Amino acid sequence: MSFVRSDQSVPLIRTSVRRMADAWGLDALITNDAELVTSELVTNVVRHAPCPEIGFTATYGEELLLIQVHDGSANPPVLHHGSTGSAESGRGLVLVSSLTRDWGWMPHGDGTKSTWALIDVPSADSPSTGVVAAQSVSW
């Protein structure tokens, strides 16, 4: 399912991330990081991508959580290294970079793109039931 691109999309998708992480039994700190990373990626779409909808996917498995946000723009996300502490915007991808193993984006042939982020889930924080295969939820 996709969300309409609006300011209301950010808390809706953030709540979805928390519910998924809770269902997967992820640690609260990992869940908080996943919520924050997702919020930043979705906020970038709301502010900068000229598209009507936002797609979202989260996949967990092999001690990694993959967050993907799909939008209708082919423009790559821009990491602003020089953002100052007093700036009200421009630090989102710096934050994503600091909370993730890696992040990036991939263009699609239809002129859209997905921005992704990988969050480490240490084995001590993995659910006690274990994850045999990746579990994925898309909206």
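Mentor: Let's begin with handedness: a crossing is right-handed if the near helix is turned clockwise from the far one by less than a right angle, and left-handed if anticlockwise. One caution is that this is a predicted model.

Trainee: Which kind of crossing do H1 and H2 make, left-handed or right-handed?
Mentor: H1 passes H2 in a right-handed crossing.

Trainee: What are the axis distance and angle for H1 and H2?
Mentor: The axes of H1 (residues 9-24) and H2 (residues 28-48) come within 9 Å, and they cross at roughly 150 degrees.

Trainee: And why is H1 called roughly antiparallel to H2?
Mentor: Angles over 145 degrees count as roughly antiparallel. The crossing is at roughly 150 degrees, so H1 is roughly antiparallel to H2.

Trainee: Which residues meet where H1 and H2 touch?
Mentor: On the H1 side they include Val-10, Ile-13 and Val-17, and on the H2 side Leu-36, Val-42 and Val-46 are among them. By class, this contact has eight nonpolar, six polar and four charged residues.

Trainee: What share of the 139 residues is buried?
Mentor: Buried residues make up 42% of them, where buried means under 20% relative accessible area.

Methods
Residues numbered from 1 in each chain as written. Predicted model: local features only at pLDDT ≥ 70, side-chain atom pairs only at ≥ 80, totals over all residues. Heavy atoms only, no water. Buried < 20%, exposed > 50% of the residue type's maximum accessible area, 1.4 Å probe, protein only. Axes fitted to C-alpha atoms, helices over the stretch in contact; angles between N-to-C directions. Helix = DSSP H or I, 4+ residues; strand = E, 2+ residues; numbered from the N terminus. Parallel < 35°, antiparallel > 145°, perpendicular 65-115°, else oblique. Contact = heavy atoms within 4.5 Å. Nonpolar A, V, L, I, M, F, W, Y, C, P; charged D, E, K, R; others polar.
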